Amino acid sequence: MALHVRGVVLPDDEVRDLWLTEDRVSLQPQPGAVTVSTGGFILPGLVDAHCHIGIAAGSRAVRSLDEAKKLAAEDRDAGVLAIRDAGSPYPYPQLDDDPDVPRLARAGRHVAPPRRYLRDIGVEVPAAQVPATVAAQATAGNGWVKLVGDWIDRGTGDLAPAWDAGTLRAAVGAARAAGVRIAVHTFSEEAVDVLVRAGVDSVEHGTGLSLDLIDEMARQGTALVPTMINIETFGDIASVAQDRFPGYARHMLALRDGFPAVVRAAYEAGVPVYVGTDAGGGIAHGLAAEEMLLLRDRAGMPAVDVLRAGSWGAREWLGFPGLVEGGLADLVVYDEDPREDLRVVRSPRHVILRGRVLR
Ligand SMILES: [Zn+2]
């Protein structure tokens, strides 16, 4: 049975009738369609372009498909209808077409350096094994691999690249050869420099970006997923580390303090910026709206560009077509215009995923 929705469709800003047949959109009237919503503002579903439904609170791997589904449902019920999972220690390819789960763009496990990254989350390998591990994880995901570009080095007491520059470049080459896109975790200045110039597809966090690198990203079309919610936790990380690693603690605070200006500069330079919460582990799911508000309030992005970053633009980037003929039947409806008051995204009137009304 077809559904019918009418309202102002964004970003085109036109009153339109949409018909939803199974999980597809049609602009042609469908016989016998049931009208489920009239009025309000209609967006393609929101996107969390960096979260982890395979990592539970406490930074441990989920133990079942059901546990991953529960985490995904927290995002979904907040209007997030497409997720890019930026690294999962628990494989869940069975959820790719699950009717209850948002559209999924998935990396396999994080590829990480030995004994430095979060325990039991990544595949930890020395430099010589990085390219082969990237290739193996490329087949575990559905189009993405995730590389940990830097992390604390407890030997030096500060952030440091995960491996040498040649290995970082080889990791990017291995992802290319495997035909997948590569997302890289970076906090510091050093690793991100090598990785951006090696042509990664997306920089996650990116607190160490210089203006030079931002220009390079704009030229290449490299995406930035700032995860501002995560960066706000750097103060807590620094407090815990203060006694043993004071240099690291100072570095993290400086990166945090400089970050709104980095995101603002990236946006102004034309770098594609996307909404990602980094939920999973220390950050709760369902906070995409809060990340959107941070992008506006801290980084100064205009509301309409934040909406692009967290809806139609991100969907296009991830390969999930929006509200066009033959597009995917995922949408959210808001009572008020989110371009006028972005806080509106906190409370969708309707959430429709794969042609089913969930709210
Ligand atoms: Zn993450």
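This is a predicted model: local features need pLDDT of at least 70, side-chain atom pairs count only at pLDDT 80 or more; totals for chains, interfaces and linings use all residues.
Local features were required to have pLDDT of at least 70 and side-chain atom pairs pLDDT 80 or more, whereas totals for chains, interfaces and linings use all residues. Residues are numbered from 1 along each chain as its sequence is written, and side-chain values use heavy atoms, with hydrogens and water left out.

The zinc ion is coordinated at 2.1 Å by His50 (NE2), His52 (NE2) and Asp278 (OD), donors being N, O and S atoms within 2.8 Å of the metal (3.2 Å for Na, K and Ca), and since water is not among the atoms, sites may look incomplete. Along the chain these donors follow the spacing H-x1-H-x225-D. His50, in strand S5 (residues 46-51), and Asp278, in the loop between H8 and helix H9 (288-297), lie 228 residues apart and link distant parts of the chain; helices (H or I, at least four residues) and strands (E, at least two) are DSSP runs, numbered from the N terminus. His50 is buried, with a relative accessible area of 0%, and Asp278 also counts as buried at 10%, where buried means under 20% relative accessible area, exposed over 50% and partly exposed in between (1.4 Å probe, protein chains only).

In the helix pair, Met292, Leu295 and Arg296 of H9 meet Val306, Leu307 and Gly310 of H10, by contacts between heavy atoms within 4.5 Å.
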